[in-house]
Amino acid sequence: MLRRALPARPEARRILLGTLLSAVGRGLTLPFLFIYLTDLRGLSDTTAGLAIGWFGAVTLALSPVGGALIDRFGARRVVLPCLVLEAVGTGSLALVHSTGSAFAVLTLVAVGSSALWSGQATILASLTDDGERQRVFGLQFALLNLGIGLGGLVSGAVVDVTRPVTFQVIYLLDALSYLVPAAILLTLPHVGHRLATATGTEHRPATGGYLTVLRDRPFRRLVVFGLVLTTCGYAQIEVGFTAYAVRVVGVSPRVVAWALAANTVMIVLAQLVVLRRLEGRSRTGALAAVGAVFATAWLVLGAAGLIGTRNALFAALGVVACSAIFGFGETLLSPVMPALTNALATDELRGRYNAMSSMIFGISGVIGPVTAGPLIGAADGRIWVVAVVGGCLTASVLALSLRRLLTPGQDGRATPASVREPEAVAR
């Protein structure tokens, strides 16, 4: 299954290797930024939260700019500087000593990360055809989670809040990890150039920019689906899931850590199997299934909340099961969403399409945490459970409504070799 999921072109395989190795570095530091800023650098909880929120806001604000630059200059000329900025910024976190320096460094990191996802997605899309693109994006997601999991295991064993140098070391190692994909991209001189030029359409004007992207009716529907799904899904993991598990279900933070580990294990073990099952099947059907799976996960968590402290073991198992079920839904979403995005995109505007797709997660990442707190605080969290379950099921309906706007090839029900697609419906 791994051999089948690997892309045909060796350049794409090397890009995926860079994803894995840089993800290990990301996993070293991912769980610890808040603790590092508060317990070791003396920032208050509020200030640290504002600094992390500022990072998210800057990343979101600059994402459209990154997409436009990718279309104008090519992903290569955008991704390489961004990787260097990420390396410098992440390494500089080891030297943070005040509120001002924390905001300055996180701003630098945000500038670097603003175009990385869309740039790397554009590069992978340029190295794969539509028949293999879904498998490759799914494999990328599995490698990303595997790397983060491995990095988290290493850092969890070595970091010590009484020894600041251990945190400085992992931030420096994370910084070095960003240079790995940069070095790989430098060894591929023909990869990541402007797609319109590469396909001989350099004289065709790419008019309209983001307005043209937003006029694409199928993609617009996909964006609405993504906003609803991620607001009631991904965006709830960091705040909603954790708060409900600890305050309503009554489990310890250690159980939450086990649950997140179960999520990673599910993704790594199930992704290749899911990729094989998705071949030749409707992408909109898979997206609808994601909403149903996420809703099931939240219902399981709600059931754990009803059990609560009356049976601590079953309550803990419910929390872990919720996270694992959610991970299965992620294995469906991770290959299909970017594959469908790039099936709808044109080469002239591919960077903007991928940038808008990445902005979905940024926008929901703002809405989700803000709404989770008040909802969990009302009626013992029952309103929150009803809201996120209802939102996920609404996303399923939106996904099914998208099918009639797509050609069979765009929906994944036919291979590019077997169908000559007409122009996208209602584009």
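A search of the whole structure finds 0 disulfides. Cys232 is buried, at 13% relative accessibility, and Cys392 is also buried, at 0%. Here buried means under 20% relative accessible area, exposed means over 50%, and partly exposed lies in between, with a 1.4 Å probe and protein chains only.

A word on the source. This is a predicted model, in which local features need pLDDT of at least 70 and side-chain atom pairs count only at pLDDT 80 or more, while totals for chains, interfaces and linings use all residues. Residues are numbered from 1 along each chain as its sequence is written, and side-chain values use heavy atoms, with hydrogens and water left out.

I turn to the helices, which are DSSP runs (H or I, at least four residues) numbered from the N terminus. Helix H16, residues 312-344, packs against helix H17, residues 350-376, at an angle of about 145°, and their axes are 9 Å apart. The axes are lines fitted to C-alpha atoms over the stretch in contact, and angles run from 0 to 180 degrees between N-to-C directions. From H16, the contact (heavy atoms within 4.5 Å) involves Met337, Thr341, Asn342 and Leu344. H17 contributes Arg350, Tyr353, Asn354, Ser357 and Ile360.

Helix H7, residues 116-126, is mostly covered, with 8 of its 11 residues buried. Among them are Leu116, Gly119 and Ile123.

Next, Tyr36, which lies in helix H3, residues 33-40. Tyr36 is buried, at 0% relative accessibility. Not counting residues up to four places away in sequence, Tyr36 touches Arg41, Leu93, Ala94, Leu95, Val96, Phe167 and Tyr171. Tyr36 and Pro164 are 128 residues apart in sequence, yet 8.5 Å apart in space, C-alpha to C-alpha.

Finally, where is Ser282 placed? Ser282 is in the loop between helix H14 (253-278) and helix H15 (283-307). Ser282 is buried, with a relative accessible area of 14%. The side chain of Ser282 reaches the backbone nitrogen of Gly285 at 3.0 Å. Neighbours within four places in sequence aside, Ser282 is in contact with Arg403, Asp411 and Arg413.

Notes: Helix = DSSP H or I, 4+ residues; strand = E, 2+ residues; numbered from the N terminus. Polar contact = N/O pair within 3.5 Å; in protein donor to acceptor, adjacent residues only side chain to side chain. Disulfide = S-S within 2.5 Å.
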